[in-house]
Amino acid sequence: MENQEKLDEFQARIDAGEKIEPKDWMPERYRQQLIRMMSQHAHSEIVGMLPEGNWIERAPSLKRKLVLLAKVQDEAGHGLYLYSATETLGIDRSELVDQYLYGSAKYSSIFNYPTMTYADICAIGWLVDGAAIVNQTMLARSSYGPYSRANVRICKEESFHKKQGYEMLAKMADGTPEQQKMAQDSVNRWWWPSLMMFGPHDSDSPNSAELIKWQVKLKTNDELRQHFVDRMVMEAEAIGMELPDPDLEYNEETGHWDFGDIPWDEFWNVVKGNGVMNRKRIKDRRAAHENGEWVREAANAYARKKKLQQEKAS
């Protein structure tokens, strides 16, 4: 039961920088916000395997195949960490999976764009994983202990993903004219969706204020986006890539890079399910889930058998 005294005590713990653990008292709204946010993060890691998995067999060398395969496996692991962390809030993983496969739960809209060339794999590593790191390093300091700890490990692996994407893009930028053109084209297509990854402007984000109050998030969408832009401008210049924004200009007063208007109509269109790959992504994930039903049934039967054997032995 919630009352003002309990709410005040909870907020005092947050303000003091304490971690909230699964067995601690928490407002129901805090729990629900965490379930929504953490499960969306988990769904995004799982769906995020699809755009890059599309290129494992077509990567240009054995080394690149191995790197990409390892990365996709990492993303699967991230999803499992996050589903496990979300389950500490009292919700079953199967319910979470059903919510996004057959319900209205969301995942990151960035994964509803197609990977048209191998250069897209490089750009995803640099831009998409770079944006993820900016966001997740803050989440690693989240007030909810299991989510914080999951992101500590995820960030270590995402850092590798970003570095290998940047290294591959740098090689292409230093390659043949055809490779340079391919690399620039991929950056042109992935730049704006990467900025959209941080979510709508603060003024249009219904959850940000509450999440920051509870220190689930430590910085706003716009603050994180600005930090990302400042970093990427320098990194793009270092490898000779041009960011596709004619309004990009350094602001001496603020010490940040000003950038152009984000195409929010495109963002909301994709969020509503009308992106190029929305339907295919869900179709592929549903097929994988349904075709794997026999594996889950076999695993559950084995677990029941082992439990029965242990009970008889005791």
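1. Arginine 225 forms a salt bridge with aspartate 222, and their closest N and O atoms are 2.8 Å apart. A salt bridge here is a side-chain nitrogen of Lys or Arg within 4 Å of a carboxyl oxygen of Asp or Glu. Both residues lie in helix H10, three residues apart, about one turn of the helix. Helices (H or I, at least four residues) are DSSP runs, numbered from the N terminus. Arginine 225 is buried, with a relative accessible area of 1%, whereas aspartate 222 is partly exposed at 25%. Buried means under 20% relative accessible area, exposed over 50%, and partly exposed in between (1.4 Å probe, protein chains only).

2. The model is predicted: local features need pLDDT of at least 70, side-chain atom pairs count only at pLDDT 80 or more, and totals for chains, interfaces and linings use all residues. Residues are numbered from 1 along each chain as its sequence is written, and side-chain values use heavy atoms, with hydrogens and water left out.

3. The count of salt bridges comes to 17. One of them joins arginine 13 and aspartate 24, with the closest N and O atoms 3.4 Å apart. Arginine 13 lies in helix H1 (residues 4-15) and aspartate 24 in the loop between H1 and H2, so this pair ties together parts that are eleven residues apart in sequence. Salt bridges that share partners join Arg13, Glu18 and Asp24 into one network.

4. Glutamate 21 forms a salt bridge with arginine 149, where the closest N and O atoms are 2.9 Å apart. This pair links distant parts of the chain: glutamate 21 is in the loop between H1 and H2, and arginine 149 is in helix H7 (residues 145-173), 128 residues away. Glutamate 21 is partly exposed at 24%, and arginine 149 is partly exposed at 48%.

5. A search of the whole structure finds eleven aromatic pairs. Among them, tyrosine 30 and tryptophan 214 are edge-to-face, at 5.5 Å centre to centre and 85 degrees between the planes. Rings of Phe, Tyr and Trp (its six-membered ring) pair if their centres lie within 6.5 Å; planes under 30 degrees apart count as stacked, over 60 as edge-to-face and the rest as tilted. Tyrosine 30 is buried at 0% relative accessibility, and tryptophan 214 is buried at 7%. Ring pairs link Phe10, Trp25, Tyr30 and Trp214 into a cluster.

6. Arginine 58 lies over the face of tryptophan 55, 3.9 Å from the ring centre. A charge sits over a ring if NZ of Lys or CZ of Arg is within 6 Å of the ring centre and within 35 degrees of the ring normal.

How values were computed:
Helix = DSSP H or I, 4+ residues; strand = E, 2+ residues; numbered from the N terminus.
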